[in-house]
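Hello,

Here is the structure we talked about handing over. Please open it first, then read the notes below.

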Amino acid sequence: MRILFAVAPLTAHLYPSVPLAWALQSAGHDVRVAGNTGLVGEITAAGLTAVGIGEPASPLAPITDEELDRFSDALGFEPGSDFDRLWRATRYYLVAAYKRYHPDAEGRQEPADNLVEAARSWRPDVVVWDPACPVGAVAARECGAASVRMLWGPDYFGWIRRTLTGRKGDAVSAESDPLAALLAPVFGRFGHDFSDDLLFGDVTVDPIPAQLPGPEGLRRIPMRWVPYTGAGPVPEWLARPPARPRVCLSLGVTGRTVHDGRDERVAAVLEAVADLDVEVVATVNTAQLGPDPSVPDNVRIVDYLPLTQVMPTCSAVVHHGGFGTFFAAAAHRVPQLIVGEDLGSALNSTRYLESRGAGVTLHADGLSAAQVGEQLSRLLTEPSFQEGAAAVHADLTAAPGPGELVPVLERLAARRRDRG
């Protein structure tokens, strides 16, 4: 069986799909992963075959406030409500992810065209695609493959669609649905009408624990989130057990491409830990540290380190609320302190974390070293947080592992072949 993975050009979208790709490859299937040129090295470093599909026409497709306001008006959330905060914190990235695959002024979009052509040429039996790479659904249809949507976080995309259709009922159309207005051009470019079948595929592989509910009415296959956070040799210092409780500080790889310059969260954490009896591994770069940073003696600065290497040695982690970091910590029962830039993008993870007693959250605005020190000390000394971390770990491991999904996808592909 041939399986083509299609991911948006971010490691945060590639990494969650790697364990399933490994499982399929280990079962003897031919697996390829399509991504933009910048991801090819990451794909091959994971031991997978890469298909480079070029670069977008621009670093990020332009999106206007008018287009975003169309979504906000259509969704109709009460201003200031949790859903409204979540939407306003994520709307730019969600909508821009779709726009990225629109044809440009000359009717071209290199990644979209190349992905569809790769599928037509190679003829995979299954296309597994990232929701932020919706042209993956087109690629599946163009070659007659089973279409499998794979989540890398909460199903924001299904949530938007279900909210819109719930408000408008069967009357929703491309004219009244801004999501359809965004995607209809790229679907139509290849001769397909906008539909839920294209938007959601045949099934959705969902690695998010059931305790974080998603939109209803979609065919889902639960899968355990198995953390993959990159590859590299284990440093010599990391091979030795820490002499003091070890704390990891990570603000995510993707955040480095979005934020430019000194990150005040880093400064607050470094000041907070200076007087604590801990060893800190801070996976931050020089830009995040800013000019003339004050780095305490108990802090080790590491520009990049796979979290799956350092997390098993940690007693606590401080991070931004991203799901890659969240589940890397959860897999090793590590209590978490989330410092979010706003409580929108991290709203799901923070609510879940606190509901299970596995950690605490702080808002980045006005963050002080005293706040960080107080909450970090609690994580390290109060047994309830370790118990909560164990509960999150149990939630995580309750779902089938990636290897258990292999026969499910085999049957899905066989049914597709039987239908011609």
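Arg333 is partly exposed, with a relative accessible area of 39%. (Buried means under 20%, exposed over 50%, partly exposed in between, with a 1.4 Å probe and protein chains only.) Its phi is near 55°, a positive value in a residue other than glycine. Arg333 sits in the loop between helix H15 (323-330) and strand E12 (336-340). Helices (H or I, at least four residues) and strands (E, at least two) are DSSP runs, numbered from the N terminus.

This is a predicted model, where local features need pLDDT of at least 70, side-chain atom pairs count only at pLDDT 80 or more, and totals for chains, interfaces and linings use all residues. Residues are numbered from 1 along each chain as its sequence is written, and side-chain values use heavy atoms, with hydrogens and water left out.

Arg123 also has a positive phi, about 60°, and is not a glycine. Its place is the loop between helix H6 (110-122) and E4. Arg123 is partly exposed, at 45% relative accessible area.

Now the sheet. It is open, has seven strands and pairs in parallel, in the order E3-E2-E1-E4-E5-E6-E7. Two strands pair if DSSP finds at least two bridges between them. E3 (49-52) and E7 (220-222) stand at the edges with a single partner strand each, so one side of each has no neighbour in the sheet. Neighbouring strands are turned by 25° against each other on average, direction ignored. Axes are lines fitted to C-alpha atoms, for helices over the stretch in contact, and angles run from 0 to 180 degrees between N-to-C directions.

E5 (residues 146-150) and E6 (residues 203-206) pair in the parallel sense over three bridges. Val148 has Val203 in E6 as its bridge partner.

Two helices to check against this sheet: H7 (residues 135-143) packs on it, touching E1 (2-6), E4 (126-129) and E5. The direction of H7 makes about 175° with that of E4. H19 (residues 402-418) packs on the sheet too, touching E4, E5, E6 and E7, and its direction makes about 145° with that of E5. Contact means heavy atoms within 4.5 Å.

Last, a helix pair. The axes of H4 (residues 65-75) and H9 (residues 178-189) come within 9 Å and cross at roughly 135°. That makes H4 oblique to H9 (under 35 degrees is roughly parallel, over 145 roughly antiparallel, 65 to 115 roughly perpendicular, the rest oblique). Glu67, Arg70, Phe71 and Ala74 in H4 meet Pro178, Leu179, Ala181 and Leu182 in H9.

Best wishes
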